Amino acid sequence: MERENQFIGQSGAFLDAVERASRAAPMSRPVLIIGERGTGKELIAERLHRLSSRWGEPLVTMNCAALPETLIEAELFGHEAGAFTGATKARAGRFEEADQGTLFLDELGTLSMGAQERLLRAVEYGEVTRIGASRPTRVDVRIVAATNDDLPALADSGEFRADLLDRLSFEVITLPPLRVREGDVGVLAEYFARRMAAELDWRSWPGFAPHVMTQMEDYAWPGNVRELRNVVERAVYRWDDPETPISHAQFDPFESPWKPKAPPHRIDHAVPSGASAPPASGGVQPNGAVPPGLDFEAVDDLRAAVDSHERAIVEHALGKHRWNQRQTAKALGLSYDQIRHAIKKHGLMEEGE
């Protein structure tokens, strides 16, 4: 598993998860890593391996969701020649490859019930049997598994074996999503941005404009650290002037005036029952490109609230168009005099200059 093992962050929730992984690493027991996509589950798995006594042995990774159900058992446990159509020669499975080391099972919740049953035996007795073989093989493997599923709920509904869950959950490390990691968005954004600037051979790092950092802090980051890295690196490499702070970041890479519209039947499925339909084309989209909508219940000064929202929209549009006021005016459907008035009204002139 080739992965940069950098742990960037300072929030208590994040540091607690890393510390728990460090404490569990020397124990040759199974560990479950729970977390949303992009929270760093593979990094924690690598840490568990590197800080254990097995660090010099193989770290073998298998994504359980990447293979069809018919091949998962053969991948995990191996097969003998002629065991099934296409098995022209014997092959060791991931368990045998990871002998004396660590086997990382990603997307554990997608395993079929048959594979779960055989995995249970491997965990319980330390034996695996290749498909088509008559005798089991002894293995010494530490299992680290990861998922973004609610495994206890799946066990209650009969979709995941409760006895297997019991055996794999000696320690459970739940990684916090980025949106609750107080202070970490700025730290991570700075780290990824400086690295991209160095890759582009910029002489210095100009930083982000304040409104861009505000947008990043306010965004919910459904893709977590992986999504943040993409947004930051995309913003840096698209910026043409390394001497001025970056004033625009595109959160949704698919955002475009020429974006194809989904067929009506897809839109129907995409909007849950009781939810409001997405805004019409041309409106401000809730994709994180501008700060989130106002909390209507908290509004006690209508004029101030409207002014604040107007300022955010104008500031975002100016950054997107490199502070070209004529292009910004055209994009917002304003005249040149109107955009000049808005800039002066909200005190944006100094930042633009």
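How many residues does helix 10 have, and what span does it reach from its first C-alpha to its last? Helix 10 (residues 224–238) has 15 residues and reaches 21 Å between those two atoms, close to the 21 Å expected at 1.5 Å a residue. Keep in mind as you explore that this is a predicted model. The protein holds 15 helices and seven strands, and buried residues make up 40% of its 353 residues. Among contacts between residues at least 6 apart in sequence, 73% join residues at least 24 apart.

- Five strands form an open sheet in the order 2-3-6-1-7, and their pairing is parallel.
- Strand 2 (59–63) and strand 7 (171–174) stand at the edges with a single partner strand each, so one side of each has no neighbour in the sheet.
- On average, neighbouring strands of this sheet are turned by 20° against each other, if direction is ignored.
- Helix 1 (residues 12–24) packs on the sheet, where it touches strand 1 (31–34), strand 6 (142–147) and strand 7. The direction of helix 1 makes about 155° with that of strand 7.

**How the strands pair**

- Strand 2 and strand 3 (residues 102–106) pair in the parallel sense over five bridges. Look for N63, which stands opposite D106 in strand 3.
- Strand 3 also pairs with strand 6 in the parallel sense, over four bridges. Here L103 has I143 in strand 6 as its bridge partner.
- Strand 1 and strand 6 are another parallel pair, with four bridges. In this pair, L32 stands opposite A145 of strand 6.

**Strand 6, buried on both faces**

- Six of the six residues of strand 6 are buried, so the strand is largely enclosed by the rest of the structure.
- In a regular strand, side chains alternate between the two faces of the sheet.
- You can follow both faces in strand 6: R142, V144 and A146 lie on one side, while I143, A145 and T147 lie on the other, and all of these are buried.

**Helix 3 and its surroundings**

- Helix 3 (residues 69–77) has I72, A74, E75, L76 and F77 as its buried residues.
- These buried residues pack against strand 2, strand 3 and strand 4 (127–128), as well as helix 4 (94–97) and helix 5 (113–125).
- Just after helix 3 comes G78, which takes a positive phi of about 80°.

**Back to helix 10**

- The buried residues of helix 10 are N224, V225, E227, L228, V231, V232, E233, R234, A235 and V236.
- Helix 8 (184–199) and helix 9 (210–218) are among the elements that cover these residues.

- Helix 13 (residues 325–332) and helix 14 (residues 336–345) pack with their axes 9 Å apart, at an angle of about 105°.
- Are these two helices roughly parallel or roughly perpendicular to each other? Angles of 65 to 115 degrees count as roughly perpendicular, and helix 13 and helix 14 are therefore roughly perpendicular.
- On the helix 13 side, the contact involves Q325, R326, T328, A329 and L332, which meet Y336, I339, R340 and I343 in helix 14.
- The residues of this contact divide into five nonpolar, two polar and two charged.

How values were computed. Residues numbered from 1 in each chain as written. Predicted model: local features only at pLDDT ≥ 70, side-chain atom pairs only at ≥ 80, totals over all residues. Heavy atoms only, no water. Pairing = 2+ DSSP bridges. Axes fitted to C-alpha atoms, helices over the stretch in contact; angles between N-to-C directions. Contact = heavy atoms within 4.5 Å. Buried < 20%, exposed > 50% of the residue type's maximum accessible area, 1.4 Å probe, protein only. Expected span 1.5 Å × (residues − 1). Parallel < 35°, antiparallel > 145°, perpendicular 65-115°, else oblique. Nonpolar A, V, L, I, M, F, W, Y, C, P; charged D, E, K, R; others polar.
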